[in-house]
Amino acid sequence: MSLYAIGDLHLHFQSVLKAQNQLKDPVWKNHEERFRKNCLDLLKEDDTLVLVGDHSWGKNLSECEKDLEYIRDLPGRKILTRGNHDMFWDAGKTRKLNELYPDLLFLQDSYAVYKNYALIATKGFTFEGPYYLDRKGNIIGYDENNKKQADKLVERELKRLEKSFELAKADGYDHFIVFLHYPPTNVMEENSLFTRMAESYGASKVIYAHCHGERRFHDSLDGIHNGIYYQLVSGDFLKWEPYKVLD
Ligand SMILES: [Fe+2]
Ligand SMILES: [Fe+2]
């Protein structure tokens, strides 16, 4: 029995693929088939696979049905968390999705259990600028309006994260693994409100996705930082092989 994670499948069985990197980079060629084969080789029925957002390019649920059926038909228990591209998933209507797909768990404002761990998930948010740089590349400012909007998104996501932690704590859990779609910090940061919240609840790992292409694989934390293990699990980074989070 093991816990695995991967993110950013960006499936498009019914929708139009527009992402240039997904069209050009060979790591994406037939990635659906390679990922399915890796899952069939690796996952057993008592394993859990957490899919850390950006499941589909579909603009609404009817454009995502085949993508969700593909995920449903993978081995093991599947838990899905929200990514920035998951237009089919309105956070406030998560219950409806869970009713429509009883074989999948859409995790939002709640927690899931793996052994004695509570699995806590939210989309997160990472503000990457735009920064104003001087001629030497030093940051001398950033866009104030974008910053205000980013602060609102961060606050909303932190509330969701806190609510999930508190629900799990109230049910007696004191071992936590956090799943964020966005990286926990931006390229300039060593800490963020997300890393601090994970620390304050004593989470042992923070798993995240969203970073595509080699240039972005090291945008955020990697390995142990202030007692928490950080791991990027975007599918192209993992070459479509699910990452084992826990035995
Ligand atoms: Fe993505
Ligand atoms: Fe993303």
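Select Val 113 in this predicted model, and then look across to β6, where Ala 118 stands opposite Val 113. If you widen the selection to both strands, you will find that β5 and β6 run antiparallel and are joined by 4 bridges. The two strands form a hairpin with 2 residues between them, and Lys 115, which lies in that turn, has a positive phi of about 50°.

Once neighbours within four places in sequence are left aside, Ile 120 is in contact with Tyr 111, Leu 161, Ser 164, Phe 165, Ala 168, Phe 176 and Val 178. Ile 120 is also among the residues that touch the most other members of the largest nonpolar core, which has 58 residues, together with Val 52, Leu 119, Phe 176 and Phe 179.

Now select helix α5, residues 144-170, whose 27 residues should span 39 Å at 1.5 Å a residue; the end C-alpha atoms of α5 are 38 Å apart, which agrees. Just after α5, stop at Gly 172, which takes a positive phi of about 95°.

The buried residues of α2 are His 31, Phe 35 and Cys 39; because they cover an arc of only 70° around the axis, they lie on the same side of α2. Turn to the other side of α2, and there Glu 33, Leu 40 and Asp 41 are exposed.

Notes. Residues are numbered from 1 along each chain as its sequence is written. Chains are lettered from A and ligands numbered from 1 in the order in which they are written. This is a predicted model: local features need pLDDT of at least 70, side-chain atom pairs count only at pLDDT 80 or more; totals for chains, interfaces and linings use all residues. The expected span of a helix is 1.5 Å times one less than its number of residues. Two strands pair if DSSP finds at least two bridges between them. A nonpolar core is a set of buried Ala, Val, Leu, Ile, Met, Phe, Trp, Tyr and Cys residues joined through C-beta atoms within 7 Å. A residue is buried if 20 or more other C-beta atoms lie within 10 Å of its own, exposed if 12 or fewer, and partly exposed in between; C-beta atoms are placed from the backbone. Two residues are in contact if their C-beta atoms, placed from the backbone, lie within 7 Å. The arc is that of the directions from the helix axis to the C-beta atoms.
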